[in-house]
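Subject: Structure handover

Hello,

Here is the structure you will be working with. Please open it alongside this note. My findings follow below.

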Amino acid sequence: MENKKELRSWLNNFGLEHPLVIGGPCSAETEEQVLKIAHQLKDSDATVLRAGIWKPRTRPGNFEGVGALGLKWLKRAKEETGMMIATEVANANHVKLALEHDVDVLWIGARTTVSPFIVQEIADALKGTDKIVLVKNPVNPDLPLWLGAIERLYAADIKNLGVIHRGFSTYEKTRYRNNPNWQIPIELQNRFPDLPLICDPSHIAGRRDIIFDICQTALDLNFDGLMVETHYDPDNAWSDAKQQITPDTLIQMMDDLKIRKSTDTEAEYRNALNTLRTQIDVVDHQLIETLGKRMKIADEVGLLKKEKNVAILQSKRWNEILGKMILEGEENNLSEEFVLRVFKAIHQESINHQKKIINA
Ligand code: PEP
Ligand code: MN
């Protein structure tokens with residue numbers, strides 16, 4: 001297997017470390033705030049300073065960013081600290097202004113990636129640029145939409161392209177603000193192995209306490225970088241206060257994360273094995289969640305049966321399910337014997353659940 005790091009050459013071209021670390025506030029608030037955070041991050045692993053200046057808020061009335069004025073603050077932070085600077089662009093005018101102010105990394109936000117019209121407008125405005133351009137996944141879990149945006153940017157001859165995984169919105173409440181659906185970035189990585197893949201744990205988590213674990217999973221899945229929202233006074237940040245961490249916490253976190261650096265063949269083998277194991281962990285986690293959901297539905301069936309005084313075991317229905325699952329199992333390369341064993345166990349658990357409900 002070719003060494004991914006060689007393929008991911010633009011990180012080297014810019015003299016950037018692997019993994020790339022981008023830190024900085026959700027939003028630029030004041031010049032002092034931007035400069036203070038930049039100086040706190042200056043000697044850390046974060047080599048790129050982020051700050052949003054045009055903020056796409058879900059509902060109007062919230063802080064919508066300081067606008068173009070913030071570009072001057074970012075430029076000053078770059079001059080004072082030597083960090084590269086990054087901001088979100090959401091239309092052709094943002095691109096023009098960002099390029100004029102020497103922004104090094106321009107990212108396309110999740111609410112923009114959903115719109116091929118706007119992505120095309122941005123791609124046209126960026127045509128041929130040698131700046132780094134990062135495309136966040138669309139808010140909805142739609143891989144083709146994400147791929148489409150990447151293809152539009154490639155077609156505009158943007159060479160230093162990368163992607164950011166920031167999770168996907170769901171109607172259901174989960175422990176995440178945006179569900180990671182790790183299988184989607186994994187699939188993207190399989191299709192574009194040389195496209196740097198960066199994780200944004202802040203927007204996945206929506207809260208501070210699980211950021212570390214999300215970062216570790218991303219690194220174990222062979223991601224190439226992290227973008228972490230960082231503020232010296234997270235609780236009083238003007239946007240996304242719950243998910244920001246302090247520069248000191250980021251520095252400590254980078255120290256504590258297990259980062260695989262070495263490149264000898266033994267280490268390559270262990271890395272590949274680790275990546276696959278993490279993929280298995282992700283799928284196992286989904287299996288358990290799915291089984292939990294199935295049992296919740298079984299509980300509701302139990303309630304209905306109780307109301308109507310119907311027997312728990314209904315053999316006809318059960319045989320139909322088994323028949324269908326054996327066929328689907330075949331299509332998925334699973335033996336009949338295995339499907340039977342799994343579904344007998346699932347069925348037994350459903351019956352146990354329903355018994356509990358009926359006897360309650
Ligand atoms: C952000 O990075 O602050 C942001 C608005 O992100 P997203 O587009 O992922 O919601
Ligand atoms: Mn944010």
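First, a term: buried means under 20% relative accessible area, exposed means over 50%, and partly exposed lies in between, using a 1.4 Å probe and protein chains only. This is a predicted model, where local features need pLDDT of at least 70, side-chain atom pairs count only at pLDDT 80 or more, and totals for chains, interfaces and linings use all residues. Residues are numbered from 1 along each chain as its sequence is written, chains are lettered from A and ligands numbered from 1 in the order in which they are written, and side-chain values use heavy atoms, with hydrogens and water left out.

Lys-131 is buried because its relative accessible area is 15%. Lys-131 sits in the loop between α7 (116-126) and β5. Helices (H or I, at least four residues) and strands (E, at least two) are DSSP runs, numbered from the N terminus. The Lys-131 side chain makes a polar contact with the side chain of Asp-102, at 3.1 Å. A polar contact is a pair of N or O atoms within 3.5 Å; within protein, one must be able to donate a hydrogen and the other to accept it, and residues adjacent in sequence count only if both atoms are side-chain atoms.

Asp-102 belongs to the loop between α5 (92-100) and β4 (105-108). Asp-102 is partly exposed, at 34% relative accessibility.

Backbone points

Most residues other than glycine have a negative phi, and most peptide bonds are trans. Check these exceptions:

- Asp-102 has a positive phi, near 60 degrees.
- Asn-222 is not a glycine, yet its phi is positive, about 75 degrees. Asn-222 lies in the loop between α11 (211-220) and β8 (225-229), and is partly exposed at 24%.
- The peptide bond from His-18 to Pro-19 is cis, with omega near 0 degrees. Pro-19 is in the loop between α2 (9-13) and β1.

The metal site

Which residues hold the protein donors of the manganese ion (ligand 2)? They are Cys-26 (SG), His-203 (NE2), Glu-229 (OE) and Asp-240 (OD), lying 2.1 to 2.4 Å from the ion. Donors are N, O and S atoms within 2.8 Å of the metal (3.2 Å for Na, K and Ca); water is not among the atoms, so sites may look incomplete. Along the chain, the donor spacing is C-x176-H-x25-E-x10-D. Cys-26, in the loop between β1 and α3 (31-41), and Glu-229, in strand β8, are 203 residues apart. Cys-26 is buried at 2%. Glu-229 is buried at 1%.

Ligand 1

The residues around ligand 1 include Cys-26, His-203 and Glu-229, as well as Arg-50, Lys-55, Arg-111 and Arg-166. A residue is near a molecule or strand if one of its heavy atoms lies within 4 Å of it. An oxygen atom of ligand 1 is 2.6 Å from a side-chain N or O atom of Arg-166. For Arg-111, the corresponding distance from a ligand 1 oxygen is 2.9 Å. For His-203, it is 3.3 Å.

Regards
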